[in-house]
Amino acid sequence: MEILRATPSEHTLLRNLYPLYLHDLSEFGVDYALDEQGRWRPDFLPTWLIQAPEVHPLLLRWEGRVVGFAFVGQSPFPYMTPGRDFRMSEFFILRNERRIGLGRLAARAVFDLFPGIWELSQLPRNRPAIAFWRRVIDEYTGGAFEDTFIDGSPAQVFDSRQRVAPARGR
């Protein structure tokens, strides 16, 4: 799995992927809706396309092709809990790339890139995401994580410096 920060020349790629992500999220009762021009609103992508040390727009590649993205906030990112180092704010794997282990590989690789205390939260109605993150983080930490709530949403908190080595063959 290759995880690289999106360069300004790749921002168009992110602009094209982001609506697919919002479309997927709209199924879970969030306030994303199409405007009269067919654009998803609200649009938080500009937050991730600025050049700032506290935002990390990452492209996820497998075998040379883009399979998704991850947006990581780093303290003092304003949309995270004080005392935490990193927040997985957005994570997306293309539908045709799901269910083959790429999400798990990508998540582990992102956590490895940024050692420290992480937080993640999921939409309360997004049961597949809740199950995915609990499973991935449990495997990554050997169960050493806090399953909690952040602003009423299911969330996990853990320290990526305490990771467990992956099992052979993974």
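**Entry 1: helix α1**

Contact here is heavy atoms within 4.5 Å. Helices (H or I, at least four residues) and strands (E, at least two) are DSSP runs, numbered from the N terminus.

A note on the source: this is a predicted model, where local features need pLDDT of at least 70 and side-chain atom pairs count only at pLDDT 80 or more, while totals for chains, interfaces and linings use all residues. Residues are numbered from 1 along each chain as its sequence is written, and side-chain values use heavy atoms, with hydrogens and water left out.

Which residues of α1 are buried? I get H11, L14, L17, Y18, Y21, L22, D24 and L25. I then checked the length of α1 (residues 11-26): its 16 residues reach 23 Å from the first C-alpha to the last, close to the 22 Å expected at 1.5 Å a residue. The expected span is 1.5 Å times one less than the number of residues.

Setting aside residues up to four places away in sequence, H11 touches A6, L49 and Q51.

**Entry 2: the cores**

Next I went for the nonpolar cores, meaning sets of buried Ala, Val, Leu, Ile, Met, Phe, Trp, Tyr and Cys residues joined through side-chain atoms within 4.5 Å. The largest has 26 residues, and L60, M88, F91, V110, F111, W118 and W133 have the most contacts inside it. Two or more residues come from each of β4 (55-62), β5 (65-74), β6 (86-93), α3 (102-113), β7 (117-121) and α4 (127-141). A second, separate core of 22 residues includes Y18, L22, Y32 and A52. As a reminder to myself, nonpolar side chains tend to be buried together in soluble globular proteins.

What does M88 contact, leaving aside neighbours within four places in sequence? My list for M88 reads A70, F71, V72, V110, F111, W118, E119, L120 and W133.

I also looked at α3, where L102, G103, A106, A107, R108, A109, V110 and F111 are buried. The 12 residues of α3 should span 16 Å at 1.5 Å a residue, and its end C-alpha atoms are 16 Å apart, which agrees.

**Entry 3: around β6**

I find 7 of the 8 residues of β6 buried, so this strand is largely enclosed by the rest of the structure. Strands pair if DSSP finds at least two bridges between them. β5 and β6 run antiparallel with 7 bridges, and A70 stands opposite F91 in β6. On to β7: β6 and β7 run parallel, joined by 3 bridges, with M88 opposite L120 in β7.

**Entry 4: aromatics**

How many aromatic pairs does the structure hold? I have 22. The rule is that rings of Phe, Tyr and Trp (its six-membered ring) pair if their centres lie within 6.5 Å; planes under 30 degrees apart count as stacked, over 60 as edge-to-face and the rest as tilted.

The ring centres of W48 and F71 are 5.1 Å apart and the planes are at 20°, so I log the pair as stacked. W48 sits in helix α2 (residues 45-48) and F71 in strand β5, so the pair ties together parts 23 residues apart in sequence. Both W48 and F71 are buried.

I looked at W118 and F158 too, another stacked pair, with 6.4 Å centre to centre and 5° between the planes. W118 in strand β7 and F158 in strand β9 (residues 153-159) are 40 residues apart, so to speak a link between distant parts of the chain. W118 and F158 are both buried. They also turn up in one aromatic cluster with F86, F91, F111, F114, F132, W133 and Y140.

Where is the cis peptide bond? It runs from S75 to P76, with omega near 15°, and P76 lies in the loop between β5 and β6.

E63, not a glycine, has a positive phi near 50°. E63 lies in the loop between β4 and β5 and counts as exposed at 67% relative accessibility. D151 also has a positive phi, about 50°, without being a glycine. I place D151 in the loop between β8 (145-150) and β9, exposed with a relative accessible area of 79%.

**Entry 5: the record**

UniProt lists residues 1-156 for "domain: N-acetyltransferase", in an unreviewed entry. Its positions are in the numbering used here, feature names are shortened, and annotations may be inferred rather than shown by experiment. I checked that span: its end C-alpha atoms lie 23 Å apart, and the span is 30% helix and 31% strand.

Key: Buried means under 20% relative accessible area, exposed over 50%, partly exposed in between (1.4 Å probe, protein chains only).
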